[in-house]
Amino acid sequence: MYIYYVYIFTAKQTGEQIIEICVDDIKTFCRIFVQEDVRTLTRKRCEFIAEHQQYQKEGLLKGAYLIYDNDEERLIYTPENDFNGGRERMGMGGLIARFLQEEGAGKFPKLENSLKQYMEYVKRELVDTRTGKVYNDAGMDDSYHRLYNLPWAATLFLEVYRLWKKEEDLMIACRIVQYFYMDGGTDFYPIQLPVLLLMEELKKKQSEKKMFGKEYDILLEMFKKHAERLCEYGENYPGSEVNYEQSIVAPAVDILLSVYILTGNKKYLEEGSRQIKILELFNGIQPDYRMNEVAIRHWDGYWFGKRRFFGDTFPHYWSATSGMVFKMYGKILKDSRWIERGEASIRGVLPLFFKNGRASCAYVYPMFVNDQKADFADPYANDQDWGLYYNLLQVGHQQ
């Protein structure tokens with residue numbers, strides 16, 4: 001027989017809260033995190049990006065959103081991949097565009113102006129808007145060819161389209177996704193490929209008898225071919241930038257479930273169900289906000305951080321991709337348990353954001369790594385804003 005105790009309390013302040021538990025002389029503790037509401041947190045973060053993380057001087061990087069060193073209070077740029085002017089940093093633009101949608105156009109003119117400057121930079125330096133090719137860094141530099149960049153750029157243009165309703169931005173998003181598949185995307189496991197978001201917008205245009213009906217049909221076939229290939233691979237995941245990780249399995253489930261929603265073909269749901277059982281193995285359910293439905297990830301603080309530490313990162317923002325597909329799966333099955341797990345996973349990345357608008361790319365969780373003191377939030381605000389973007393998506397969905 002088990003006895004359950006429920007303790008309800010109201011936190012007086014944000015931040016880490018430790019609850020000590022003692023039952024029958026056995027002592028333990030639960031570590032929770034109290035955060036501001038997502039809208040307030042996002043507003044502060046977006047304002048910080050516009051004020052501190054946008055390059056304002058003339059030259060190649062004018063208008064770019066760049067890394068910020070919270071220790072030294074300065075922008076960081078190097079052509080080195082994870083510190084350059086493209087790639088994951090596009091999440092800052094996507095976050096601001098989504099925030100402005102949620103709040104309503106015209107309420108934050110400084111943010112809108114900042115985003116306009118950023119999109120001028122993107123179109124000038126990162127994306128060939130005629131072909132859909134996405135480059136790795138400013139100056140249309142593709143010396144490192146990377147398929148991951150295309151879905152992020154497509155999401156950015158989609159969010160900008162939803163904000164300002166310029167059809168050319170929607171068409172650019174279509175071109176980017178088509179280029180992704182022409183460049184070998186069918187065999188790739190992309191993070192944040194906006195399958196449902198893109199098709200939702202194209203469906204609206206199709207019903208309005210606009211020019212986008214052809215794109216809907218073309219992209220649907222491309223998405224279906226991708227899902228078929230993922231079914232063929234099954235659990236034999238091909239290596240990417242690393243051989244095996246959570247953000248290989250999560251995209252597979254995402255695409256399979258998305259194509260199931262679009263087509264109703266249960267083959268994709270069955271394969272997604274099989275692979276989601278693998279995905280959940282990356283998550284723990286410890287009584288610690290850094291390890292509760294937060295996927296284990298390795299070395300992201302080394303690749304994206306200032307201190308270049310190895311070690312597990314709890315949380316890292318891509319952990320929220322697991323939450324997104326858990327929640328999608330729960331809605332398909334009408335199973336509240338998966339929805340609750342998904343929401344917990346998505347919220348699990350919020351400790352990377354601070355109420356003064358600053359952020360950290362990764363929290364290196366171990367107390368020591370290679371005999372050096374760890375247990376810290378890396379000083380670089382780099383690529384983490386996709387995690388806040390996912391949380392803001394949930395706010396919009398709940399309205």
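In the predicted model, helix H8 (246-263) and helix H10 (300-304) each contribute at least two residues to the lining of the second largest pocket. The largest share of that lining comes from H10, with three residues. The lining comprises 25 residues in total, and those nearest the centre of the pocket are Glu241, Val242, Glu245, Asp300 and Trp303. By residue class, the lining consists of 12 nonpolar, five polar and eight charged residues. The space in this second largest pocket amounts to about 540 Å³. Rolling a probe the size of a water molecule over the atoms shows where empty space is left.

The loop between helix H7 (213-233) and H8 contains Glu235. With neighbours up to four places away in sequence set aside, Glu235 is in contact with Arg274 and Ile278. A distance of 9.9 Å separates the C-alpha atom of Glu235 from that of Ala252, a residue 17 positions away along the chain.

Strands of a sheet pair through backbone hydrogen bonds, either parallel or antiparallel. Strand E1 (residues 15-23) and strand E2 (residues 26-34) are paired in the antiparallel sense, with nine bridges between them. Within this pairing, Glu20 has Phe29 of E2 as its bridge partner, and Cys22 is bridged to Lys27, also in E2. The hairpin formed by E1 and E2 has two residues between the strands, and Asp24 adopts a positive phi near 50° there. In a regular strand the side chains alternate between the two faces of the sheet.

A further sheet is open and is built from three strands in the order E4-E3-E11, with antiparallel pairing. Its edge strands are strand E4 (74-76) and strand E11 (380-381), each of which pairs on one side only. Strand E3 (residues 67-69) is joined to E11 by two bridges in the antiparallel sense. In this pair of strands, Tyr68 is positioned opposite Ala381 of E11.

Thr155 is located in helix H4 (residues 149-164). Thr155 is classed as buried because its relative accessibility is 0%, and the cut-off for a buried residue is under 20%. The side chain of Thr155 makes a polar contact with the side chain of Gln192, at 3.2 Å. Apart from residues up to four places away in sequence, Thr155 touches Gln192, Pro194, Trp386 and Tyr389.

Gly342 belongs to helix H12 (residues 336-347). The relative accessible area of Gly342 is 0%, so this residue is also buried. When neighbours within four places in sequence are left aside, the contacts of Gly342 are with Gly323, Phe326 and Lys327. The C-alpha atom of Gly342 lies 7.2 Å from the C-alpha atom of Val325, and 17 residues separate the two along the chain.

Technical notes
Residues are numbered from 1 along each chain as its sequence is written. This is a predicted model: local features need pLDDT of at least 70, side-chain atom pairs count only at pLDDT 80 or more; totals for chains, interfaces and linings use all residues. Side-chain values use heavy atoms; hydrogens and water are left out. Helices (H or I, at least four residues) and strands (E, at least two) are DSSP runs, numbered from the N terminus. Buried means under 20% relative accessible area, exposed over 50%, partly exposed in between (1.4 Å probe, protein chains only). A polar contact is a pair of N or O atoms within 3.5 Å; within protein, one must be able to donate a hydrogen and the other to accept it, and residues adjacent in sequence count only if both atoms are side-chain atoms. Contact means heavy atoms within 4.5 Å. Two strands pair if DSSP finds at least two bridges between them. On a 1 Å grid over the protein atoms alone, a cavity is a set of points where a 1.4 Å probe fits but cannot get out, and a pocket is an open set with protein on both sides within 12 Å along at least five of seven lines; lining residues have an atom within 4 Å of a point. Grid points are joined across faces, edges and corners, and a volume is the space filled by probe spheres set on the points. Ala, Val, Leu, Ile, Met, Phe, Trp, Tyr, Cys and Pro count as nonpolar, Asp, Glu, Lys and Arg as charged, and the others, Gly among them, as polar.
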